[in-house]
Amino acid sequence: MSILGIIDYGAGNLASVCNSFRAIGIEATLVRRPQEMEGLTHLVLPGVGAFGDCATALVKQGLSDVIRSWISENKPFLGICIGYQILFESSEETPGAKGLGVFKGHVRRFSDTGLKIPHMGWNSVTPTTPTHPIWADMGEAPYFYYVHSYYPEPADKGIIAATSVYGDTYAAAVIKGRLIATQFHPEKSQLQGLRLLKNFITL
C-alpha cells in the first residue's frame, strides 16, 4: 500500500497536485515537518515560485536534510518544477542560494532566442530511455504542460531522462533509481500527467 506525502513549504502547487493524485485513487498527506515523513512510502516536492525562496523554506522547516536522506535511501521521490531545480547546487535565478545539491549542476535561464519567457504551455518531451516504466503507455513523444524561465543543466548527462526544446534543448526530466524529477507539471498535464503520476506510484 502506497502512503504518499507532499511537501508543503508554503509555495507549492498543492491543491492541483493533491487533486491529481486523488484522481488516480491516492490520498496524500501534507508534510511540513520532518516528523510527518514517518511511515511514508512515496514523497513529492512540488514547486512554483523562486529557487531561493524554496531553498530558504526547506531549511527553515528542517526538511532539507531529511529530503537528502530520503533520496539517498532510494525511496520513491518526485520533484516537480522548482522541486526539480532545487535538487541541484545553484541557480541563476537566485545567485548565492544553495540548492539541495543532490545532483551536481546549475539552473540556468533560457537563452535570448526571441521566444517568450517564461515558457508557458504544452510541449513535447523526448524520453532518453522510452522503455523506462515512468513513460509506460505514453508513446514516443508525450506532451506536458510547462511554466518556467529556468531549467537545470546536470553535470552528469547520464541522469537525463527526457529532453525538450524551447529555443534551447534542455533536460526536461531526470531519473536516478526511484527518483524522478520533471521541469513540466504532471498535475497540469491532463491524461499524460495522470499516467506519469500513476507510474510513479508503482516505482
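Start by selecting the charged side chains: the protein chain has 17 positive and 17 negative ones, and the centres of the two sets lie 2 Å apart. Lys and Arg count as positive, Asp and Glu as negative; His and the chain ends are left out. Each charge is placed at NZ of Lys, CZ of Arg, CG of Asp or CD of Glu.

This is a predicted model: local features need pLDDT of at least 70, side-chain atom pairs count only at pLDDT 80 or more, and totals for chains, interfaces and linings use all residues. Residues are numbered from 1 along each chain as its sequence is written, and side-chain values use heavy atoms, without hydrogens and water.

Now show the whole chain as a cartoon. You will find 5 helices and 13 strands. These are DSSP runs, numbered from the N terminus: helices are H or I with at least four residues, strands are E with at least two.

Next, look for salt bridges (a side-chain nitrogen of Lys or Arg within 4 Å of a carboxyl oxygen of Asp or Glu). The count is 6.

Select R32 and D8. Their side chains form a salt bridge at 2.8 Å, N to O. R32 lies in the loop between strand 2 (28-31) and strand 3 (42-45), and D8 in the loop between strand 1 (4-7) and helix 1 (14-23), so the pair ties together parts 24 residues apart in sequence. D8 is buried, at 12% relative accessible area. R32 is partly exposed, at 41%. Buried means under 20%, exposed over 50%, partly exposed in between (1.4 Å probe, protein chains only).

Finish with R108 and E153, a salt bridge at 3.5 Å, N to O. R108 sits in strand 6 (residues 105-109) and E153 in strand 10 (residues 150-154).
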